[in-house]
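Trainee: I have a model open and want to learn how to read it. Can we go feature by feature?

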Amino acid sequence: MPDDSGAARARQRTGTGIGLLLALVLGAALLIALPDDDGSDAGACRALTVGSWKADDGLTAEFARYGDDASRTDDWTGGDGTHSVRLPDGRVLWLFSDTYLGRVYGPPNPHGESYAWRDATTPLVRNSAVLMRDGRLESTLPAPLFADPAPDQWRWPVAARVEPRSPGSSEQVVRVLLWVRTAGQAPWIYGVPTATEVATLSLPGLRLESIVKVLDQQSVRDASRRVLFGTTLVEEDGWTYVFGGDDGRAVSRPASHAYAARVPEGGLADPDAWQYWSGSAWVPGVRPRPVLGDGQRKGVGSAFSVVRDSGTYVLFTMAAGPKGLTTVASYWACSPAGPWHGPAKEFSPSLPQGQVAAYNPQAHPVLSGEGRLVLSYDVNWLGTTGAAAQLSRNVSLYRPRFVTLRLAAAR
């Protein structure tokens with residue numbers, strides 16, 4: 001998945017992928033009830049912000065434990081693009097983009113440092129999936145889970161959900177949104193946006209059944225205006241709202257634009273079921289119009305997350321401009337189509353020492369509850385040389401970190 005600014009440079013050196021870091025909320029203090037842009041009533045909607053947040057050391061440590069376990073040589077040891085979905089039997093499926101498999105060795109590393117490490121020649125795979133049961137990671141599915149569609153192309157999994165096989169069906173499947181990218185030259189060092197696809201996995205076995213292209217972007221000549229959907233999704237009233245973004249930051253714009261689509265429950269794998277926000281209505285088969293972003297102060301990183309709290313939608317993204325390497329910003333709205341208010345509340349989660357960046361803020365409702373919201377952010381090396389070697393020298397760098405926050409009414 002695409003990176004922003006400095007994180008994109010790390011992608012060139014490591015072959016890794018994604019956008020940038022975590023983010024939170026904003027708002028006005030009054031309770032408000034606003035109509036959706038399509039004229040429907042949004043219900044009770046209040047301005048929200050981050051009331052408090054703290055590092056979730058336990059969840060971060062669980063991924064470190066699993067990644068450092070040397071009992072298997074074909075399982076996950078590090079990756080980015082962190083997404084999760086709860087399965088009907090209670091397990092949680094974690095999806096990752098660029099991934100290190102192989103073996104991790106205990107400290108000290110060959111440089112005499114107190115880091116667990118891997119061999120610097122360890123290859124990357126483009127995607128992986130890990131299963132968690134009762135809060136403990138237990139196995140890695142055969143990787144890559146989604147094969148490359150063609151030479152010099154690859155698939156990065158993003159958001160996923162369990163839904164009926166078709167509208168009204170009693171049989172459930174897992175639908176995984178995929179970003180297809182094609183190898184390119186600068187500024188497309190992490191790949192040229194190509195298409196959005198949807199994969200179907202069987203339940204309970206998680207066998208890959210099919211992959212369907214739902215939005216081809218190759219006819220859009222300006223690659224920075226191509227839109228990939230699936231960085232996040234929200235379910236509401238029989239609809240799945242799917243958010244996406246363009247790659248404005250790849251061509252040095254301070255922020256990218258966010259877009260929205262919606263699909264009836266059970267229809268994610270049907271291209272004809274997709275409706276895109278046109279600027280005034282949800283319409284099938286049209287060029288989507290942005291719901292957020294002016295390319296400057298307002299906008300998103302190439303990977304962001306949206307959650308719904310009662311009647312309020314809250315969007316988390318990396319801040320625009322240089323702060324996007326360390327700082328999470330936030331927006332709120334009463335409708336997926338907006339208007340989105342912000343940016344406002346910002347915070348900077350902890351980062352390991354060194355030339356590193358945070359990116360790809362993702363909410364995990366499957367681990368949230370009782371007023372708590374769990375978010376992850378990915379970390380990558382931004383040094384001028386030897387990024388891949390640095391990620392192997394200290395394997396803890398290229399793994400998700402977690403925070404837990406509570407939302408509150410803005411004052």
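Trainee: Are Cys 45 and Cys 334 buried or exposed?

Mentor: This is a predicted model, so keep that in mind throughout. Cys 45 is buried, and Cys 334 is buried too. The cut-off for buried is under 20% relative accessible area.

Trainee: What do Cys 45 and Cys 334 form?

Mentor: They form a disulfide, with sulfur atoms 2.0 Å apart. The cut-off is a pair of cysteine sulfur atoms within 2.5 Å. A search of the whole structure finds 1 disulfide.

Trainee: Which parts of the chain does the pair link?

Mentor: Distant ones. Cys 45 sits in strand β2, residues 45-55. Cys 334 is in the loop between β21 (328-333) and β22 (356-363). The two are 289 residues apart.

Trainee: Is the disulfide of Cys 45 and Cys 334 left-handed or right-handed?

Mentor: Look at the torsion about the S-S bond. Here it is about -85 degrees, so the disulfide is left-handed.

Trainee: Now the overall make-up. How many helices and strands does the protein have?

Mentor: There are 3 helices and 24 strands. Of the 411 residues, 57% count as buried. Next, take the contacts with a separation of 6 or more: residues 24 or more positions apart account for 63% of them.

Trainee: Which residues of α2 are buried?

Mentor: Start with the general idea. An α-helix has 3.6 residues a turn, so residues three or four places apart point the same way. In α2 the buried residues are Leu 59, Glu 62, Phe 63, Tyr 66 and Gly 67. Seen down the axis of α2, they fall within an arc of 125 degrees, so they line one face of the helix.

Trainee: What does the face of α2 turned away from its buried side carry?

Mentor: It carries the exposed residues Asp 57 and Gly 58.

Trainee: And what covers the buried residues of α2?

Mentor: Strands are part of the cover. Among them are β5 (92-96), β8 (128-133), β9 (136-140), β23 (373-381) and β24 (401-409).

Trainee: Pick a residue in β9. Is Thr 140 buried or exposed?

Mentor: Thr 140 lies in strand β9. At 7% relative accessibility, it counts as buried. Leaving aside neighbours within four places in sequence, Thr 140 is in contact with Tyr 66, Arg 72, Asp 74, Asp 75, Trp 76, Ala 129 and Val 130. Tyr 66 is one of the buried residues of α2.

Trainee: Show me another threonine. Where is Thr 240?

Mentor: Thr 240 is in strand β15, residues 239-245. It is buried, with a relative accessible area of 0%. Its C-alpha atom is 5.5 Å from that of Arg 262, which is 22 residues apart from it along the chain. Beyond neighbours within four places in sequence, the contacts of Thr 240 include Arg 161, Leu 233, Ala 261, Arg 262 and Leu 268.

Trainee: Last, the backbone. What is the peptide bond from Pro 107 to Pro 108?

Mentor: Most residues other than glycine have a negative phi, and most peptide bonds are trans. The bond from Pro 107 to Pro 108 is cis, with omega near 5 degrees. Pro 108 is in the loop between β6 (99-100) and β7 (124-125). Ala 143 and Pro 144 are also joined by a cis peptide bond, with omega about 0 degrees. Pro 144 falls in the loop between β9 and β10.

Trainee: What about the phi of Asp 152 and where does Asp 152 lie?

Mentor: Asp 152 is not a glycine, yet its phi is positive, about 65 degrees. It lies in the loop between β9 and β10. Asp 152 is exposed, at 58% relative accessible area. Glu 370 also has a positive phi, about 55 degrees. Glu 370 is in the loop between β22 and β23, and it is exposed, at 78%.

Methods:
Residues are numbered from 1 along each chain as its sequence is written. This is a predicted model: local features need pLDDT of at least 70, side-chain atom pairs count only at pLDDT 80 or more; totals for chains, interfaces and linings use all residues. Side-chain values use heavy atoms; hydrogens and water are left out. Buried means under 20% relative accessible area, exposed over 50%, partly exposed in between (1.4 Å probe, protein chains only). Helices (H or I, at least four residues) and strands (E, at least two) are DSSP runs, numbered from the N terminus. The arc is that of the directions from the helix axis to the C-beta atoms. Contact means heavy atoms within 4.5 Å.
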